[in-house]
Structures are given as C-alpha cells and as structure tokens.
Amino acid sequence: MEQAQTKRIVLGITGGIAAYKAAELARLLLKQGIQVQAAMTEAATHFITPATIQALTGQPVLIDQWQDDKGMAHIHSSRAADAIVIAPATADFIAKLAHGLADDLLSTLCLARDCPLLVAPAMNRQMWSNAATRRNVQRLVADGVIVLGPASGAQACGEEGMGRMLEAEQLAQDIAAAFQPKLLAGQKLLITAGPTYEAIDAVRGITNRSSGKMGYAIAQAAVEMGAAVTLISGPTALPKPHDAQSVDVTSAAEMLEAVKQRIPDADMFISVAAVADYRPAQPSEQKIKKDATTLVLELHPNPDILAYVASLPKPPFCVGFAAESENLREHATAKRKKKNIPLLAANLAQQAIGSDDNELVLFDDAGEHLLPRADKLTLARALLRHAAALYKKGSR
Ligand code: C5P
C-alpha cells in the first residue's frame, strides 16, 4: 500500500479486553509502512503492557500527561499525526469524545487534533445498544469521526451480539482505505468480475478458474476513491464489497444484458470478468444421460462485452484485462488495439488465477508500466490511480 508509506498514526488504546488486538493492529500498520505512535489510557495498561506495544512500534508509549519531558505531548503528537485511531474504543472513551472531555493524555490529544479521528468501538452488547452510547456514537458520526465496526459475535463476557471490535486485519485495511485520495469522487464505475458459467445441461456447464478476486478488489478500491460502483459478477465465493451495488449474473449473455442496461450511466467501464468465449449451442434442460460412447458438444461464440462497450458511439473510459499464458506484451498490445481501448492491464494467467497476489503490466498510448508484485487490493489501487489520471487527461 505504497501511498500510505509516509503516513503517521497515533494509535490510541483504551481499557477493554480487545486491547490485546491492538498489538496485532500496530504490527499490521507498520507492515504497511505506516509509522505508529501509541498512546494508552491508564486503564488500557491493565489489559496489555506498554512494553509490548513499545517493542512492536519502537517508540515509547504515551500514557501520562504529567510525565512528558517536552510538556506538550497532546499538541505535538497530534500535530505530527495524519490520523488518530482509537482501537479499542470503550463506551466510556466514546462518551468522553462525544462531549469533548480531556482529562487524560489520550482524550486531550483527540481534542487537540487537526487530523481525522477513527474509532473502533469494543464493548458488551448491552453497553453498545444503551441509549447513551447510541447518542454518543451518533454525535461522533455527526462530528465527522469515522466509526469502524463494531462486529457481532461472541463476547469476552460470554454473551453474544454487537460490540466485538473488528479484527486487526479488517481495521488495518479500513485505515489504509481512509487514506486513499478521492480521485474518483463523483464518477460512476461499472465493473465486471468473476467467471461466467455456460450451461451444458441442468447440472453441468462450462466455466473457468477465475476467482473474481481482482475485480472485487478493484470495486473496493474504487469505492475507497469515492466512486459510485456497480459490480456485475459471475458466480464467485467472495463476500460482496461494501458500498458497491452488486448484480449477480451467470452466463455471458446475462452479463451482457446487465452491462447494456447500466452502461449509459457509466463514466468508466472496467472489464475484469473472464467471460467464457463459447457456450453450448443447445443446452439441455434435463441432465444428459451417459449412454453415448462419444458426446459431441456444439459451441457458439459468446458476445465480446468489452468490444461491444468500446464500440458504442459515446463509450465510457474503458479498461480491459488480458490473462495470457505467454508472450504477454505481444498479445496485450494486439488486444488493446483490436478492442480499441485506452488502457489494458495484462498478467500471466498462471500467476494470477485464484491467487491473492499478482503482478500487472499496464498498456496505454504512452507505452507499458509495470505494477510490481503485490496483493490484489494494492494493485487495484495503483491501477485505478493510473486510470483516473488518464481519464482526467481526457484519453479516449
Ligand atoms: O478473453 P480476452 O482475452 O479477449 O479478454 C480481454 C478483455 O475482454 C477482458 O477485459 C475481458 O473482460 C473482456 N471480454 C469480454 N467479453 C468476452 C471476452 C472478453 O468483455 N466475451
């Protein structure tokens, strides 16, 4: 997540059992290249030791407002930060934030900040649903504080319900997302993802090994960058990205119909789907019996959805994908020309399909640009930064 590399976060830890997850969160943020200055309330030190957090962050932990040698920790620490993240945020600390109280170092730091504040609530379900907490959380949202979670699930007290802090992985991702520049604010993106499934009979079909991960990562990255996203997806096992509109389809014909309906409204079309090139000419409604010694399937070519969109009289900005097994540059360049699109992202199918990370080469009028190996969300963000810049420049 290269754009987050120089970011600095104050990680505020308050006194709840979820404080143990803050250690993992600190580690994941550092791994993303984010500098972490931890600050703990006195109560938090009863749940996790400052020594643990100091060892992970490499920085002394701010705790006591009376023991700061420079005397102004609440000012200089918040000024140096790009964001303050409170994880976990107890009901008590949320109440303090909502009312602007500043009776310890961490709450004073929050009040003195001039950067975004993110809070990850963690508390018993009854405390979370209490009218006072509801009011306080609403107050924070109205004040522009970003509230991450909580999730529902098993609680340390043995009860079950809303109030669990989000897992560190999820928080690290949400924090990086908050740092994304809003390069696509106000833009409408239509994205296709996943494989298509072309029925042979009632139970069998032709499909491919596309997992949908790249397309879903692009949808998520586009949402983070402020776009209004519609994701048209073939069958995948992936959870739908938050805040994107999802449309599920099965076959290439259905995908084309879904695209046709929505394309007049789109500013950008990103075609990530691995659309099956052929479909059975006459799919059988019933399961075909295995009586014959040979079975011949007649296949008809599927429509090329991207080529259709790119050839519209007023096409949106089109981005295509190409998964090749060899001669990447040659095939990708030819494909970009044939489909008449401004930007094409190419990868080697053997490395890309189903895996969590990948390497992309972007082809546009200016030549080729390598996006080095990284997880698919990082690649998606880099691809969209490139696409947004071309789109802004008015490339066709
Ligand atoms: O399959 P091919 O290599 O031609 O795919 C290149 C691009 O065209 C991809 O972006 C893919 O989503 C799109 N495509 C399509 N409809 C097809 C085949 C490919 O939209 N029938």
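**A colleague's note on the aromatic pair, the ligand site and the backbone**

1. Let's start with the rings: the structure holds 1 aromatic pair. This is a predicted model, so please read every value below as computed from it. The partners are F317 and Y391, whose ring centres lie 5.9 Å apart with the planes at 70 degrees. Planes over 60 degrees apart count as edge-to-face, and so the F317 and Y391 pair is edge-to-face.

2. Where do F317 and Y391 sit? F317 belongs to strand β16 and Y391 to helix α14, which covers residues 376–393.

3. Now to the ligand, which sits in the second largest pocket. Its surroundings are made up of S271, A273, V275, D277, P303, D304, I305, L306, G320, F321, K335 and K339. Sorted by class, this shell has 6 nonpolar, 4 charged and 2 polar residues.

4. Which elements each supply at least two residues of the shell around the ligand? They are helix α11 (305–310), strand β16 (317–324) and helix α12 (328–339).

5. A backbone N or O atom of S271 is 2.6 Å from a ligand oxygen atom, and a backbone N or O atom of A273 is 2.7 Å from an oxygen atom of the ligand. For L306, a polar backbone atom lies 2.8 Å from an oxygen atom of the ligand. As for cover, the ligand taken alone exposes 440 Å², and the protein buries 87% of that.

6. Two cis peptide bonds may be worth a look while you have the model open. One joins A87 and P88, with omega at about 0 degrees; P88 is part of strand β3, residues 83–89. Another runs from G149 to P150, again with omega near 0 degrees. P150 is placed in the loop between β5 (146–147) and β6 (151–154).

7. Where is N327 found? It is in the loop between β16 and α12, and both of these elements supply at least two residues of the shell around the ligand.

Note on methods: Residues numbered from 1 in each chain as written. Predicted model: local features only at pLDDT ≥ 70, side-chain atom pairs only at ≥ 80, totals over all residues. Heavy atoms only, no water. Near = heavy atom within 4 Å. Polar contact = N/O pair within 3.5 Å; in protein donor to acceptor, adjacent residues only side chain to side chain. Areas by Shrake-Rupley, 256 points an atom, 1.4 Å probe, with all protein chains shown as cover. 1 Å grid on protein atoms, 1.4 Å probe; cavity = no way out; pocket = protein on both sides within 12 Å on 5 of 7 lines; lining within 4 Å. Sits in = over half its atoms within 2 Å of the grid points. Helix = DSSP H or I, 4+ residues; strand = E, 2+ residues; numbered from the N terminus. Nonpolar A, V, L, I, M, F, W, Y, C, P; charged D, E, K, R; others polar. Phe/Tyr/Trp six-rings, centres within 6.5 Å; stacked < 30°, edge-to-face > 60°.
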